[in-house]
Amino acid sequence: MNTFTAFHGTDRVFETLKTNQEKRSAGTNGGLWFSSSSVVAQSYTDFGSYNEKAYLKALECKKAGNSSIIKVEISFSNPLIFDANFNESGDLENNWNNRITIADLFTKAIENGNDGVIVLNVDDCGSYVSSENKFSTIYGIVSENQISN
């Protein structure tokens, strides 16, 4: 079993991290995603616009703002590992006409019986993050049972 420290950035406030097979976010295919970099995780808190209801809930829960970066330990016993060679998460091989995304890898991992994906050397945070901070390892897990705090 391999264990990694990882960060999950979100524009939502919640108590428990859970995978959601029913409501798949764009580009995730139902996985729960993390980064080795807190800077990359922070970029996901910035994608959501201000949400007053979430902000008030965050204050009530004594969390700052309407977003969170959650630091956890995640474990894999049989991950699919892919080196993105510093390409973007939406085009891991830099071949737009026949592109592979992290969601594609996640689907392949599930089909192969892997317990998630580890994508090395990937750009997954947008152009507004400085170039020295935008590369990380991205982890996609199939079950919240792979998380420990």
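Helices (H or I, at least four residues) and strands (E, at least two) are DSSP runs, numbered from the N terminus. Read along the sequence, the protein follows the pattern β-β-α-α-β-β-α-β-β-β, with three helices and seven strands in total.

A word on what you are looking at: this is a predicted model, in which local features need pLDDT of at least 70 and side-chain atom pairs count only at pLDDT 80 or more, while totals for chains, interfaces and linings use all residues. Residues are numbered from 1 along each chain as its sequence is written, and side-chain values use heavy atoms, with hydrogens and water left out.

## The protein as a whole

Of the 149 residues in the protein, 42% are buried. Buried here means under 20% relative accessible area, exposed means over 50%, and partly exposed is in between (1.4 Å probe, protein chains only). The accessible surface comes to about 8,600 Å², and 46% of that surface belongs to carbon and sulfur atoms. These areas come from the Shrake-Rupley method with a 1.4 Å probe; for residues, only the protein chains shown count as cover.

A contact means heavy atoms within 4.5 Å. Among the contacts with a separation of 6 or more, 75% are between residues 24 or more positions apart.

## Helix α1 and its surroundings

Helix α1 covers residues 38-45, and its buried residues are Val40, Ala41, Ser43 and Thr45. They pack against four strands: β1 (2-10), β2 (32-35), β3 (68-76) and β6 (135-141).

## Strand β5 and its partners

Six of the eight residues of β5 are buried, which leaves this strand mostly covered. On one hand, β5 pairs with β4 in the parallel sense over four bridges; two strands pair if DSSP finds at least two bridges between them. In this pairing, Asp83 stands opposite Leu120 in β5. The chain gets from β4 to β5 by way of α3, and this β-α-β crossover is right-handed. Right-handed means that, with the strands pointing away from the viewer, the path from the first strand over the helix to the second runs clockwise.

On the other hand, β5 and β6 run antiparallel and are joined by six bridges. Here Ile118 stands opposite Tyr139 in β6.

## Two nonpolar cores

A nonpolar core is a set of buried Ala, Val, Leu, Ile, Met, Phe, Trp, Tyr and Cys residues joined through side-chain atoms within 4.5 Å. The largest one has 14 residues, of which Leu92, Leu105, Val117 and Val119 touch the most other members. The elements giving two or more residues to this core are β4 (80-83), α3 (102-112) and β5 (116-123). With four residues, α3 gives the most.

Leu105 has contacts with Leu80, Phe82, Leu92, Ile100, Val117 and Val119, leaving aside its neighbours within four places in sequence. Apart from this core lies another, of ten residues, including Phe34, Phe76, Ile118 and Tyr139.

## A side-chain pair between β1 and β3

Thr3 lies in strand β1, and Ser75 is found in strand β3. Their side chains make a polar contact at 3.2 Å. A polar contact is a pair of N or O atoms within 3.5 Å; within protein, one must be able to donate a hydrogen and the other to accept it, and residues adjacent in sequence count only if both atoms are side-chain atoms.

Leaving aside neighbours within four places in sequence, Thr3 is in contact with Glu73, Ile74 and Ser75. Counted in the same way, Ser75 is in contact with Met1, Asn2, Thr3, Asp115 and Gln146. Thr3 and Ile74 are 71 residues apart in sequence, yet their C-alpha atoms are 5.5 Å apart in space.

| Residue | Relative accessible area | Class |
|---|---|---|
| Ser75 | 15% | buried |
| Thr3 | 45% | partly exposed |
| Phe86 | 47% | partly exposed |
| Asn85 | 52% | exposed |
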